[in-house]
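Here is a brief report on one model. Look over the sequence and the fold, then read on.

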Amino acid sequence: LMARAFRPGVGVVYPDVNAPWSLPSEISLQPTEGSWGAGGMTGFAFMVKANLGVKFDERYHWWYGDDQFELDVRKGQEQVCRVVGLPIRHVGNGSAAKDWDRLAPLIEQDRARFEAHQSWWQGVLAGYAETAQGRTE
């Protein structure tokens, strides 16, 4: 069902954590921004268009990799969309809670990597804006 949801301009689709346990009668897409914590893409279940051209940064250990990927997809002018009504559930912290002592430092590294990338990207955008200010065309 998710594979049939792809449309031109849609790079990633993911199921709906708020859907009831039944399949939707039709495919409806809702564009979103951000990852699951912000009401967007479920990092634990998503499908990527085969020729998307955006790579998942495998240097992330546990968290923030999905945030980075989702953001990179949208920066590439593709939409990230929820397949409305397609149900999924997430087992809350089942694996992380059992291994928190080992994961906490890795998560902190992931957070630092994500924040550094965002800082770098803001610098790039600021440079573009500064260059564009002097243009007359």
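## A charge over a ring

Which residue lies over the face of Tyr 60? Arg 113 does, at 6.0 Å from the ring centre. The criterion is NZ of Lys or CZ of Arg within 6 Å of the ring centre and within 35 degrees of the ring normal.

## Basis

This is a predicted model: local features need pLDDT of at least 70, side-chain atom pairs count only at pLDDT 80 or more, and totals for chains, interfaces and linings use all residues. Residues are numbered from 1 along each chain as its sequence is written, and side-chain values use heavy atoms, without hydrogens and water.

## Sheet and helix

An open, mixed sheet holds 4 strands, ordered β2-β4-β1-β3. The edges are β2 (29–32) and β3 (47–48); each has a single partner strand, so one side of each lacks a neighbour in the sheet. Strands (E, at least two residues) and helices (H or I, at least four) are DSSP runs, numbered from the N terminus. Two strands pair if DSSP finds at least two bridges between them.

β2 and β4 (residues 79–87) run antiparallel, joined by 4 bridges. Thr 32 stands opposite Val 80 in β4.

## Aromatic pairs

The whole structure has 5 aromatic pairs. In one of them, the ring centres of Phe 56 and Phe 69 are 5.4 Å apart and the planes are at 40 degrees, so the pair is tilted. Phe 56 is in the loop between β3 and α1, Phe 69 in helix α1, 13 residues apart. Rings of Phe, Tyr and Trp (its six-membered ring) pair with centres within 6.5 Å; planes under 30 degrees apart are stacked, over 60 edge-to-face, the rest tilted.

Ring pairs also link Phe 46, Phe 56 and Phe 69 into a cluster.
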